[in-house]
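Subject: Structure for your files

Hello,

The sequence and structure are placed just below. My notes on them follow.

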Amino acid sequence: MNKNYYFPAINSKKTGENIRFLCCEKNISVAQLQEVLFIDSNQAIYSWFNGHTLPSLDSMYALSKLLDVPIEKILVTN
């Protein structure tokens, strides 16, 4: 393995802010996200927006399709 390899860490706070921004750009509401992603509670989405948690891989993939961006454009690394 390369000694100079940098292991990227996801910045959950900035990723959450980015998810919120991308949703606003596409005029996608929390209620719409909840419906499309089959999420029971809007608190889970607000938890993403605030950087407390990250979406599951399935939800992240669905978000990328919904927002029409690659996952790499949603994630913010340190």
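There is 1 aromatic pair in the structure. Its members are Tyr 46 and Phe 49, which sit edge-to-face, with 6.1 Å from centre to centre and 85° between the planes. Please keep in mind that this is a predicted model.

Both residues of the pair belong to helix 3, and because they are 3 residues apart there, about one helical turn separates them. In general, an α-helix has 3.6 residues a turn, so residues three or four places apart point the same way. As for accessibility, Tyr 46 is partly exposed at 32%, while Phe 49 is buried at 6%.

The rest of my notes concern helix 1.

Helix 1 is made up of 14 residues and spans 20 Å between its first and last C-alpha, close to the 20 Å expected at 1.5 Å a residue. Its buried residues are Thr 15, Gly 16, Asn 18, Ile 19, Leu 22 and Cys 23. Viewed down the helix axis, these buried residues fall within an arc of 160°, so they line one face of helix 1. Cys 24 and Glu 25, on the other side of the helix, are exposed. The cover over the buried residues of helix 1 includes helix 2 (30–36), helix 3 (42–49), helix 4 (57–67) and helix 5 (71–74). Helix 3 in that list is the helix that holds Tyr 46 and Phe 49.

- Thr 15 lies in helix 1, residues 12–25. Its relative accessibility is 0%, so Thr 15 counts as buried. Apart from neighbours within four places in sequence, Thr 15 contacts Ile 10, Leu 54, Ile 74, Leu 75 and Val 76.
- Lys 13 is also placed in helix 1. With a relative accessible area of 48%, Lys 13 is partly exposed; the cut-off for exposed is over 50%. Lys 13 touches Asn 50 and Gly 51, leaving out residues up to four places away in sequence.

After the helix comes Asn 27, which has a positive phi, near 55°. Between the C-alpha atoms of Lys 13 and Asn 27 there are 21 Å, the two residues being 14 apart along the chain.

Regards

Note on methods
Residues numbered from 1 in each chain as written. Predicted model: local features only at pLDDT ≥ 70, side-chain atom pairs only at ≥ 80, totals over all residues. Heavy atoms only, no water. Helix = DSSP H or I, 4+ residues; strand = E, 2+ residues; numbered from the N terminus. Buried < 20%, exposed > 50% of the residue type's maximum accessible area, 1.4 Å probe, protein only. Contact = heavy atoms within 4.5 Å. Expected span 1.5 Å × (residues − 1). Arc of directions from axis to C-beta. Phe/Tyr/Trp six-rings, centres within 6.5 Å; stacked < 30°, edge-to-face > 60°.
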